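Biologist: Please take me through this model, one point at a time. Keep it short.

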Amino acid sequence: MAHQPLDDLELETLESFLESDQVHEECQNFVMTHGFLTALSICPVSTAEEKWLPVIFEDTPKFESEKQEKQILQYLSRLFIDIQKELESEDGFMIPCELEMGQSPEELSELQEWASGFMEGVFMTESAWFESEKEEVVAELLLPIMVASDLFDDEEVIEIRASEKLTNSCIAQIPDVLTDLFLVLRTEPEKRPFPKPQQKAQGNKNKKKGGKKS
């Protein structure tokens, strides 16, 4: 049976469920889940569903029925496939939120939530992202997502975040960066892009901060 992408109603149903009282307060919301599954889709090592589902939910949801459980789990599996296919198409990747930061440190934007979910996927599969021959390029490409995620306090990220102009320029690169990361980690060497000269990072093993569901 051919894969059927999620339609608008199915996406809305999934989004509502992840924001409902049926899930743990630390459950990822939809944009965090999308970011998390995007990272797992880019990672060259596959992660089994039974490993990534508990990360999204934090704790077993209180499903109303077996039918609802089957529906939500199916929607998440299909979302994962949708993201994989979009990355493989190399036609440009669409992030399900505006490319903007929150107005204050206490008010995270959807992009910051998406980026936090993405970095959680990176942390979960870190060894596969930072092989010796690719580590520097991957770290450089990850910088815009690190800046958006609000999880890092290293000097370079703080310097960029101190300037609204630099921050906006940096996060505007995220859709292109995702395609580049996919090419670097999932394709043959001759297809891999050169990192953009303005992108530099000092690694990915800095202290995390922040939460999940908002």
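Modeller: One term first: contact, or touching, means heavy atoms within 4.5 Å. This is a predicted model, where local features need pLDDT of at least 70 and side-chain atom pairs pLDDT 80 or more, while totals for chains, interfaces and linings use all residues. Residues are numbered from 1 along each chain as its sequence is written, and side-chain values use heavy atoms, leaving out hydrogens and water.

Biologist: How many helices and strands are there in the protein?

Modeller: Helices and strands are DSSP runs, numbered from the N terminus (helices: H or I, at least four residues; strands: E, at least two). From the N terminus on, the elements run α-α-α-α-α-α-α-α-α-α. The count is 10 helices and 0 strands.

Biologist: What share of the residues is buried?

Modeller: Buried means under 20% relative accessible area, exposed means over 50%, and partly exposed lies in between (1.4 Å probe, protein chains only). The protein has 214 residues, and the buried share is 49%.

Biologist: How far apart are N and O in the salt bridge of R78 and E10?

Modeller: A salt bridge needs a side-chain nitrogen of Lys or Arg within 4 Å of a carboxyl oxygen of Asp or Glu. The structure holds 2 of them. This pair links distant parts of the chain, with R78 in helix α4 (residues 66-89) and E10 in helix α1 (residues 8-18), 68 residues apart. Both R78 and E10 are buried, and the N to O distance is 2.9 Å.

Biologist: Which residue pairs with R161 in a salt bridge?

Modeller: R161 has 31% relative accessibility, so it counts as partly exposed. The N to O distance in its salt bridge is 3.4 Å, and the partner is D150.

Biologist: Where is D150, and what is its phi?

Modeller: Most residues other than glycine have a negative phi. D150 lies in the loop between α7 and α8. It is not a glycine, yet its phi is positive, at about 65°.

Biologist: Is E58 buried, partly exposed or exposed?

Modeller: E58 lies in the loop between α3 (49-57) and α4. It also has a positive phi, about 70°, although it is not a glycine. Its relative accessible area is 41%, so E58 is partly exposed.

Biologist: How far is the C-alpha atom of S41 from that of I83?

Modeller: S41 lies in helix α2 (residues 30-42) and, at 2% relative accessibility, counts as buried. Not counting residues up to four places away, it touches F80, I83, Q84, L87, F182 and R186. S41 and I83 are 42 residues apart along the chain, and their C-alpha atoms are separated by 7.0 Å.

Biologist: How are α7 and α9 set to each other?

Modeller: Axes are lines fitted to C-alpha atoms, for helices over the stretch in contact, and angles run from 0 to 180 degrees between N-to-C directions. Helix α7 (residues 135-149) and helix α9 (residues 164-171) have axes 8 Å apart, at an angle of about 125°. Under 35 degrees counts as roughly parallel, over 145 as roughly antiparallel, 65 to 115 as roughly perpendicular and the rest as oblique. So α7 and α9 are oblique.

Biologist: Which residues of α9 meet α7?

Modeller: On the α7 side are L143, P144, V147 and A148. On the α9 side are T167, C170 and I171.

Biologist: How are α7 and α10 set to each other?

Modeller: The axes of α7 and helix α10 (residues 174-186) come within 10 Å and cross at roughly 150°. So α7 and α10 are roughly antiparallel.

Biologist: How many nonpolar, polar and charged residues are in the contact of α7 with α10?

Modeller: From α7 come V137, V138, L141, L142, P144, I145 and A148, and from α10 come I174, V177, L178, D180, L181, V184 and L185. They divide into 13 nonpolar, no polar and 1 charged.

Note on methods:
Ala, Val, Leu, Ile, Met, Phe, Trp, Tyr, Cys and Pro count as nonpolar, Asp, Glu, Lys and Arg as charged, and the others, Gly among them, as polar.
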